[in-house]
Amino acid sequence: MSLKPENADLKWKQQLEEVVSLAQTDQFAAAVMAEEMLPSTESTYGAASKESMTLHHQLGILTMLLERYDEAEEHFLKAMETAESLPDAAIVEFADIARHLTLLYEAKARMR
């Protein structure tokens with residue numbers, strides 16, 4: 001895991017807030033912005049971090065809304081895998097990711 005710059009937490013939270021805000025009007029642009037955040041998030045916090053889990057979860061939601069179901073599934077599974085590896089992973093977060101994964105599978109089944 002690399003060392004965080006002093007303002008990394010604040011900057012990361014502001015970027016995530018921008019993604020969430022943008023998603024209300026332009027889900028595609030929000031997904032692109034979130035995908036662009038992944039490399040810096042994983043290099044700053046580590047691939048198995050709560051921040052990485054949060055970003056993969058949000059990317060799963062955005063790509064599911066864009067009907068990019070295979071990508072959404074990858075993001076949800078990565079978020080769940082990360083949640084399971086965190087010693088202090090909250091059960092609520094894990095359950096929320098699992099709920100979104102269930103909704104994804106239901107949407108995929110309807111597309112058949």
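What covers the buried residues of helix 5? I opened the notebook with that. The cover includes helix 3 (50-65) and helix 4 (69-85). I took helices as DSSP runs (H or I, at least four residues), numbered from the N terminus. Buried means under 20% relative accessible area, exposed over 50%, and partly exposed in between (1.4 Å probe, protein chains only).

**Ground rules.** This is a predicted model, in which local features need pLDDT of at least 70 and side-chain atom pairs count only at pLDDT 80 or more, while totals for chains, interfaces and linings use all residues. Residues are numbered from 1 along each chain as its sequence is written, and side-chain values use heavy atoms, with hydrogens and water left out.

**Helix 5.** I checked its length. The 21 residues of helix 5 (residues 91-111) should span 30 Å at 1.5 Å a residue, and the end C-alpha atoms are 30 Å apart, which agrees. The expected span is 1.5 Å times one less than the number of residues. Next I listed the buried residues of helix 5: Ile97, His100, Leu101, Leu104, Ala107 and Lys108. They cover an arc of only 120° around the axis, which puts them on the same side of helix 5. The arc is that of the directions from the helix axis to the C-beta atoms. An α-helix has 3.6 residues a turn, so residues three or four places apart point the same way. I then looked at the face turned away from the buried side of helix 5. It carries the exposed residues Ile91, Val92 and Arg110.

**Helix 4 on helix 5.** How do I describe the crossing? The axes of helix 4 and helix 5 come within 10 Å and cross at roughly 160°. That makes helix 4 roughly antiparallel to helix 5. Axes are lines fitted to C-alpha atoms, for helices over the stretch in contact, and angles run from 0 to 180 degrees between N-to-C directions. Angles under 35 degrees count as roughly parallel, and those over 145 as roughly antiparallel. Helix 4 passes helix 5 in a left-handed crossing, meaning that the near helix is turned anticlockwise from the far one by less than a right angle. I noted residues that meet here, including Phe76, Leu77 and Met80 of helix 4 and Ile97, Leu101 and Leu104 of helix 5. Contact means heavy atoms within 4.5 Å.

**Helix 3.** The 16 residues of helix 3 should span 22 Å at 1.5 Å a residue; I find the end C-alpha atoms 23 Å apart, which agrees. Its buried residues include Met53, His57, Gly60, Ile61 and Met64. The buried residues of helix 3 pack against helix 1, helix 2 (27-45), helix 4 and helix 5.

The axes of helix 3 and helix 5 come within 11 Å and cross at roughly 25°. That makes helix 3 roughly parallel to helix 5. This crossing is left-handed. The contact is made by Lys50, Met53, His57, Ile61 and Met64 of helix 3 and Glu93, Asp96, Ile97, His100, Leu103 and Leu104 of helix 5.

**Glu67.** Where is Glu67 placed? I found it in the loop between helix 3 and helix 4. Glu67 has a positive phi of about 60° although it is not a glycine. Glu67 is exposed, with a relative accessible area of 52%.

**Gln15.** Last, I looked up Gln15 in helix 1 (residues 8-23). At 24% relative accessibility, Gln15 counts as partly exposed. Leaving aside neighbours within four places in sequence, Gln15 is in contact with Met33 and Met37. The C-alpha atoms of Gln15 and Lys50 are separated by 15 Å.

Terms used. Helix = DSSP H or I, 4+ residues; strand = E, 2+ residues; numbered from the N terminus. Parallel < 35°, antiparallel > 145°, perpendicular 65-115°, else oblique.
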